[in-house]
Amino acid sequence: MTSVLGMDIVFGEKLPKGLLPIGLDQDDPYALFKKDKDMILLNDKPYNMEALAHQLDDDITPNEYIFVRNNGLIPREIDTESWTLTIDGESVSEPKTYTLAELKSKFPTHSYQLTLECGGNGRAEFDPPPKGNQWSLGAVYCAKWTGVRLKDVLEDVGINSDAVYIGYYAADEHLTRDPNKEAISRGVPISKAMMEETLIAYQMNDQDIPLVHGHPLRLVAGGWPASASGKWLQRISVRNKVHDGEKMGGTSYRVPCTPVAPGDKVEDEDMCIIESMPVKSLITYPKTGAMISDKKLSIRGHAWAGENSVRKMEYSIDFGSTWKECDLKDAPNRLAWQRFSAEVEFLEEGYYEVWARATDSDGVSQPMLVPGWNPKGYLNNACHRIAVKVS
Ligand SMILES: Nc1nc2c(c(=O)[nH]1)N[C@H]1C(S)=C(S)[C@@H](COP(=O)(O)O)O[C@H]1N2
Ligand SMILES: [Mo]
């Protein structure tokens with residue numbers, strides 16, 4: 001609770017057990033999660049919030065603009081002293097449990113800036129509309145994560161050669177509060193688990209991870225649907241088959257293996273798990289609707305491409321007929337978004353749209369319009385458009 005309040009509760013030991021401090025206003029998610037008042041609240045049971053494109057202008061997204069996605073109920077009481085992480089599963093010979101202090105002292109510390117995007121970011125644009133949070137543009141961020149490599153921990157435990165996947169288990173409760181049900185339990189193939197950048201993190205942006213983003217421990221697998229990055233991490237199972245936890249099957253975080261017509265019903269066996277996220281970009285300056293009196297405008301934003309890097313960034317002011325190249329920076333590390341900028345020149349007064357298009361290291365570009373429809377509306381990586389009025 002002190003982490004939510006942002007300060008120590010003096011006389012905290014005298015607070016009757018189960019009584020919540022009134023300073024912890026349960027009805028105001030903005031105050032509760034320390035979010036900017038302009039963020040969009042999509043849902044309150046569970047809480048889901050997203051950012052506006054222009055709020056994502058920083059290279060490292062500060063907490064106040066980081067989207068919130070919860071499948072279940074945020075754990076209330078977290079005791080960091082007694083918190084443990086257990087590694088078990090069919091593919092470890094002997095399960096092993098670590099305290100937070102052991103994890104921190106036993107393994108080297110690593111920091112990476114990692115882009116996390118919800119698989120359903122952009123869902124609101126699909127037609128017919130799929131069920132789920134109607135994310136627009138802002139279910140993405142790039143924070144700095146600090147922790148230990150999952151790889152180092154798995155090597156310490158010792159994993160068998162038949163390991164194919166890892167699955168996480170976390171402390172959040174199912175919405176029904178049924179203790180036998182998981183809110184979500186997803187994971188990644190062993191190859192992704194063993195990557196240098198796959199972290200068991202205990203810090204975000206150089207501070208304890210905020211409660212809503214997974215305090216005190218979070219799995220972070222950058223470049224993959226953010227649902228693979230389990231918050232409030234308690235257990236990782238090393239599996240000898242594809243992890244079959246909650247939200248690994250059916251239409252959850254899966255898309256048709258081959259394209260289907262909008263609205264089609266797709267059989268379970270024809271659905272494939274989303275792995276690396278597709279190439280995408282966001283114009284973070286100016287804000288859409290900008291009114292300018294000068295015919296010159298500096299634009300900027302970020303581009304990212306899942307496991308790939310972004311090779312080229314372009315903009316168009318004539319609805320995609322012609323494109324000009326933007327300046328594009330390298331990422332500070334793999335799986336972090338990349339900064340782009342450009343000086344745009346408008347010819348005459350009037351209404352314009354600036355469109356942005358990224359191309360990844362495989363040569364794949366963003367589609368100008370909404371891509372392939374799928375039952376749950378994942379992977380919309382259409383070009384971002386902003387309106388600009390020159391007068
Ligand atoms: N334990 C747990 N981890 C979770 C979730 C959750 O509900 N519970 N939601 C997942 C989903 S779907 C997303 S998009 C990201 C959101 O992370 P954020 O809240 O830090 O933005 O967390 C993922 N990890
Ligand atoms: Mo998500």
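Tutor: A nonpolar core is a set of buried Ala, Val, Leu, Ile, Met, Phe, Trp, Tyr and Cys residues joined through side-chain atoms within 4.5 Å; buried means under 20% relative accessible area, exposed over 50%, and partly exposed in between, with a 1.4 Å probe and protein chains only. The model is predicted, with local features needing pLDDT of at least 70 and side-chain atom pairs counting only at pLDDT 80 or more, while totals for chains, interfaces and linings use all residues. Side-chain values use heavy atoms, without hydrogens and water, and residues are numbered from 1 along each chain as its sequence is written.

The largest nonpolar core holds 39 residues, of which Ile-87, Ile-166, Ile-200, Leu-217 and Ile-236 touch the most other members. Among the elements that give two or more residues to this core are strand E4 (84-88), helix H4 (150-157), strand E8 (165-170) and strand E13 (233-239); helices (H or I, at least four residues) and strands (E, at least two) are DSSP runs, numbered from the N terminus. H4 gives the most, with four residues.

The buried residues of H4 are Leu-150, Asp-152, Val-153, Leu-154 and Val-157. Just after this helix, Gly-158 takes a positive phi of about 90°.

A second, separate core of 23 residues includes Ala-303, Cys-326, Phe-346 and Ala-356.

Definitions and conventions: Chains lettered and ligands numbered in written order.
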